[in-house]
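Please keep the sequence and the coordinates in view while reading.

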Amino acid sequence: MRPVHLLLGVALILPVAVQAASGLDALTTSPNPDGGQTYTLSIQVLLFMTALSLLPAALLLMTSFTRIVIVLAILRQALGTQNTPSNQILVGLALFLTAFVMMPVFQETYQVSLKPYLDEEIEVGEALERASVPMRDFMFAQTRETDLALFSRIGGFDNLQSRRDVPFSLLLPAFATSELKTGFQIGFLIFIPFLIIDLVVASVLMSMGMMMLSPLIISLPFKIMLFVLIDGWALVFGTLASSFLV
């Protein structure tokens, strides 16, 4: 046997031998005085890391981020500026505007859930239950009843009497669908003025016989000038922020 193969075999066997010698179980539980169970620290860390991996998806689908980033992407397309602003800038703008819109929800969540938990006044389960209330209220306020009824029918949730009975597995897709609809509706309204400018420029070029000249090249400066003169960014951001007010 070559030395390289020997070293490789030792490297593969050594961790198994150490684990067997240590006698540490992958999962151990210990009873609590109140009748519950406490898991080992390694399992708690595993669950915590798993929850962290789901945070990006939660940020995208449970907050105002989806609507904002769709509107900004359609605005860039309407302006015809290709990759200006870049995707990184659009995502950054969407993130900070999302933080601005969601700040009241985050503050309420901190007061009713995180702060009592850090002060050791409540347990983890109760903290999670309290934290879900502000988020559910925000999502319900932005969710259309038709979308909620659609997923209720698909999922077989026929016995829902109140909002408390609606699970997150049903509320989340309904909220995401409503946000997509609202984002495209706002984007459509923003697109119309820029489309009119493109049509006017194209008609003028056709009447002048300049059919080989692209209308986008001529209309781009006019669209940028119009957008700057009307303070377009402030109008778009203000419209997006106010669209979440109920």
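Helices (H or I, at least four residues) and strands (E, at least two) are DSSP runs, numbered from the N terminus. The model is a predicted one, in which local features need pLDDT of at least 70 and side-chain atom pairs count only at pLDDT 80 or more, while totals for chains, interfaces and linings use all residues. Residues are numbered from 1 along each chain as its sequence is written, and side-chain values use heavy atoms, with hydrogens and water left out.

The protein chain contains 10 helices and two strands, arranged along the sequence as α-β-β-α-α-α-α-α-α-α-α-α. Of its 246 residues, 28% are buried, where buried means under 20% relative accessible area, exposed over 50% and partly exposed in between (1.4 Å probe, protein chains only). Among contacts (heavy atoms within 4.5 Å) with a separation of 6 or more, 64% join residues 24 or more positions apart.

Two packed helices are described by the angle between their axes and the distance between the axes. For helix H4 (residues 65–79) and helix H10 (residues 232–242), the angle is about 155° and the axes lie 11 Å apart; axes are lines fitted to C-alpha atoms, for helices over the stretch in contact, and angles run from 0 to 180 degrees between N-to-C directions. H4 is therefore roughly antiparallel to H10, a term for angles over 145 degrees, as against under 35 for roughly parallel, 65 to 115 for roughly perpendicular and oblique for the rest. In this pairing, Ile-68, Val-71, Leu-72 and Leu-75 of H4 meet Trp-233, Val-236, Phe-237 and Leu-240 of H10. The contact comprises eight nonpolar, no polar and no charged residues; Ala, Val, Leu, Ile, Met, Phe, Trp, Tyr, Cys and Pro count as nonpolar, Asp, Glu, Lys and Arg as charged, and the others, Gly among them, as polar.

Helix H4 also holds Arg-76, which is buried at a relative accessible area of 14%. Not counting residues up to four places away in sequence, Arg-76 touches Thr-81, Gln-82, Asn-83, Thr-84, Pro-85, Ser-86, Asn-87 and Leu-90. Its C-alpha atom is separated by 9.5 Å from that of Phe-191, 115 residues apart along the chain.

In helix H7 (residues 145–155), the buried residues are Asp-147, Leu-148 and Ser-152. Viewed down the axis of H7, they fall within an arc of 135°, so they line one face of the helix; the arc is that of the directions from the helix axis to the C-beta atoms. Their cover includes helix H6 (124–142) and helix H8 (168–207), whereas Thr-146, Arg-153 and Ile-154 are exposed on the other side of H7. Just after H7, Gly-156 adopts a positive phi of about 75°.
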